[in-house]
Amino acid sequence: MTTATSTYHPGLGSVEGILSANTAKMDVEYLADRDLIEAMTGSAVGGFSSSRTTLAIRSSVGDQIEKLVNLIPSFAKDIYGFSHRAPENYLEAKNTVDALKSVAIVSSAPKVLIFLSENADLCDLALKLATVTNNRTDVDRVIVEIEQDPESDEHSLFVTAVVSTEDFTTWDAIDEHILGTILEPSAAINRARVVFSIAHAESV
Amino acid sequence: MKDIGFDRSDANHSLAEATFVVAYAGDLEGARMDKLNTVVDELAGEFSLRQKNQSLNVSLTQGKAESTESFNGWTLENTDPENGVIQWRLVIDRSRIVINCLEYPGWSTFKEQIIKWLSVIQAHLSLESVPVNEVGTVFTDRFYWSLKGEQYNLEKLFNLDSEYISANITSKGPLWHLFQGWIEIEDNREFLQNLNLSTQWDVDKPHKTEILHIIRCLKGGDEEFSGLNMKLVSEALDKAHTDNKKTLNSLLSKETIEFIGLNS
C-alpha cells in the first residue's frame with residue numbers, strides 16, 4: 001500500500017494528464033492525429049508542455065525518473081526490455097533483497113539477487129513469506145538463502161524459520177500458518193521455486 | 001538503529017541508486033548514431049554486457065495504427081565478475097545518456113566514472129557541438145523497516161524540525177508522501193530540485209521509506225548548453241552532491257545520520 005502512486009501519477013487524472021504523462025514517458029511518435037490530439041488536450045504531443053513547472057515529470061530526465069520509481073507502463077518496459085534480464089526486474093530484485101535484510105538474514109545476498117532478478121515474479125512472494133515468518137513470536141529469526149538441487153541443478157530460494165523450541169506442536173502451527181496463508185495460495189505462481197523450512201536454532 | 005527497530009544489516013549508506021542523465025535538445029542523427037558502435041567497442045573492456053536498444057514508433061492514421069522498430073542506441077552493464085551483481089548501467093540513445101549506479105562506491109569514484117565515460121562518448125560523437133537540454137542527478141535512498149512488534153514512529157527516521165518536513169504528516173501514521181520542488185539560480189545557471197519523500201507498507205511486508213532527490217540543471221550560462229560541456233557536468237555533479245548531503249543532514253534524524261555514516 002502506498003499513498004504516493006495514487007496521487008502522484010498524473011495518468012490517473014485528466015485526459016490531458018494521461019496524454020502528457022504518456023508522451024513524456026515513451027518514445028512514441030503520434031503522426032497524423034497530432035493536431036487533433038493537441039486540439040483536444042491543449043498540450044503539446046511528442047514534446048513537453050511549454051508551461052514552466054517544478055514537477056519532476058515532463059522532461060527527458062523525468063522520463064528516467066519515472067522508470068526509477070516504477071511508474072512506467074508495461075508497454076514502455078517492453079521497449080526498454082532486455083532479452084537476457086529486464087532492468088526493471090533487476091531493480092525489483094535489488095529492492096526485494098534490501099527489504100529482505102530488514103526481516104531476515106540473507107545468506108549470500110548476491111546469489112539471492114541474481115536468483116530473484118531471473119525469477120522476478122517471486123519477489124513479492126519471497127518478501128511476504130520472510131516477513132510473515134519473522135512476524136511470528138515463536139520464530140527466533142529467518143534465514144533466506146539459495147540452494148541448488150544436486151540432481152536437477154535447479155536453484156530454489158529457501159526461507160527458513162529458525163526456532164528454539166523442540167515442541168513439535170509449535171512447529172506444526174508455524175508450518176500450517178505459512179503453508180496455508182502464503183505458499184498454498186501462491187502455488188501456481190511459485191512452482192516450487194520458493195521453499196519454506198523450519199530448523200532448530202542449534203542445528204543452524 | 002538496530003536497537004530501536006531498524007534492521008538494515010551491513011549498511012554504510014542508504015543510497016540505493018545514483019543516476020546521472022544528459023538529455024540532448026534534439027535527437028542524434030545519422031553519423032553520430034553510427035558512431036555509437038565505436039563508443040561501445042572502446043568501452044567493451046569495462047562493460048561485460050551490451051544490448052542494442054530498439055525504439056518503437058507508432059503512427060496513427062485515420063484510426064489505423066502502424067508500428068516500426070528502429071535502432072535507438074545501446075545499454076551496457078558492468079557486473080561484478082565474482083557474483084554477477086550489476087554495478088553500473090550506461091544507456092546511450094538517440095536523445096540522452098543515462099549512467100545508473102546500482103552499487104554506490106562513494107562520491108569520488110562515482111563522479112570519476114561519470115566524467116571518464118562521458119569524455120569517451122563525447123570524443124567519439126563530438127558532443128561538444130550537440131545542444132543539451134539539461135543535465136540531472138538523481139539520488140534514491142531507501143530504508144526498510146521491520147515494524148515487528150512496534151509502532152511506526154516518524155521521528156526515528158526523520159528530523160521533525162527539518163524545513164523539508166511538513167507538520168501535517170507528523171501525526172498521520174505510517175503511510176504518507178511529501179513531494180516538493182523548487183527553482184534555484186546559481187552562477188547564472190538554473191537548477192530545478194525535486195525532493196520526493198514517500199512510504200509504502202503492507203502489513204505483511206517491511207515498511208519502506210524512499211527519498212528521491214533530483215537536481216537538474218535546466219539552463220546554463222553563456223553557451224554552456226550549446227554542446228556537452230564537461231566543466232558544467234563536473235560542477236553540476238558537485239552541486240548535486242553538496243545539496244543532497246545538506247538536504248539529508250537537515251531531513252534525517254541524528255540517529256539515522258550516524259547509522260548511515262552520512263558524514264563519515
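Asp149(A) is partly exposed because its relative accessible area is 36%, where buried means under 20% relative accessible area, exposed over 50%, and partly exposed in between (1.4 Å probe, protein chains only). The model is predicted, so local features need pLDDT of at least 70 and side-chain atom pairs count only at pLDDT 80 or more, while totals for chains, interfaces and linings use all residues. Residues are numbered from 1 along each chain as its sequence is written, chains are lettered from A and ligands numbered from 1 in the order in which they are written, and side-chain values use heavy atoms, with hydrogens and water left out.

Asp149(A) is placed in the loop between β2 (141-148) and β3 (155-163) of chain A; helices (H or I, at least four residues) and strands (E, at least two) are DSSP runs numbered from the N terminus. Together with Glu151(A), Asp153(A) and Glu154(A), Asp149(A) forms a negative surface patch. Patches are made of residues with over 30% relative accessible area and no salt bridge, like charges being joined within 9 Å and nonpolar side chains (Val, Leu, Ile, Met, Phe, Trp, Tyr) within 5 Å. Asp and Glu count as negative and Lys and Arg as positive, whereas His and the chain ends are not counted.

The secondary structure of chain A consists of ten helices and four strands. Starting at the N terminus, the order of the elements in chain A is α-α-α-α-α-α-β-α-α-β-β-α-α-β. Chain A has 204 residues, of which 50% count as buried. Chain B contains five helices and nine strands, and its pattern along the sequence is β-α-β-β-β-β-α-β-α-β-β-β-α-α. Of the 264 residues of chain B, 54% count as buried. Along the principal axes, the C-alpha atoms of chain B fill a box of roughly 60 × 50 × 40 Å.

Within chain B, Asn37(B) belongs to helix α1 (residues 30-42). With a relative accessible area of 31%, Asn37(B) is therefore partly exposed. Asn37(B) and Ala16(B) are separated by 21 residues in sequence and by 30 Å in space, C-alpha to C-alpha.

Side chains of opposite charge can pair when their charged atoms come close. Over all chains, 20 salt bridges are found, a salt bridge being a side-chain nitrogen of Lys or Arg within 4 Å of a carboxyl oxygen of Asp or Glu. One of them joins Asp124(A) to Lys205(B), with the closest N and O atoms 2.2 Å apart. This pair crosses between chains, from helix α8 (residues 123-135) of chain A, which holds Asp124(A), to the loop between β8 (189-200) and β9 (207-219) of chain B, which holds Lys205(B). Asp124(A) is partly exposed, with a relative accessible area of 34%, whereas Lys205(B) is buried, with 17%.

In chain A, Arg136(A) forms a salt bridge with Asp138(A), and the closest N and O atoms are 2.7 Å apart. Arg136(A) counts as buried because its relative accessibility is 17%, while Asp138(A) is partly exposed, with a relative accessible area of 23%. In chain B, the salt bridge between Glu77(B) and Arg89(B) has its closest N and O atoms 3.1 Å apart. The pair links distant parts of the chain, Glu77(B) being in strand β3 (residues 64-79) and Arg89(B) in strand β4, twelve residues apart. Glu77(B) and Arg89(B) are both buried. A network of salt bridges links Glu184(B), Glu186(B), Lys239(B) and Asp243(B).

A search of the whole structure finds eleven aromatic pairs over all chains. Rings of Phe, Tyr and Trp (its six-membered ring) pair if their centres lie within 6.5 Å; planes under 30 degrees apart count as stacked, over 60 as edge-to-face and the rest as tilted. Trp88(B) and Trp117(B) form an edge-to-face pair, at 5.1 Å centre to centre and with 90 degrees between the planes. This pair links distant parts of the chain, from Trp88(B) in strand β4 (residues 86-93) to Trp117(B) in helix α2 (residues 107-125), 29 residues apart. Trp88(B) and Trp117(B) are both buried.

The pair of Tyr164(B) and Trp182(B) is stacked because the ring centres are 5.9 Å apart and the planes are at 25 degrees. Tyr164(B), in the loop between α3 (154-157) and β7 (177-186) of chain B, and Trp182(B), in strand β7, are 18 residues apart. Tyr164(B) is buried, with a relative accessible area of 13%. Ring pairs also link Phe47(B), Trp88(B), Tyr104(B), Trp107(B), Phe110(B), Trp117(B) and Phe139(B) into a cluster.

Technical notes: Areas by Shrake-Rupley, 256 points an atom, 1.4 Å probe, with all protein chains shown as cover. Charge placed at Lys NZ, Arg CZ, Asp CG, Glu CD.
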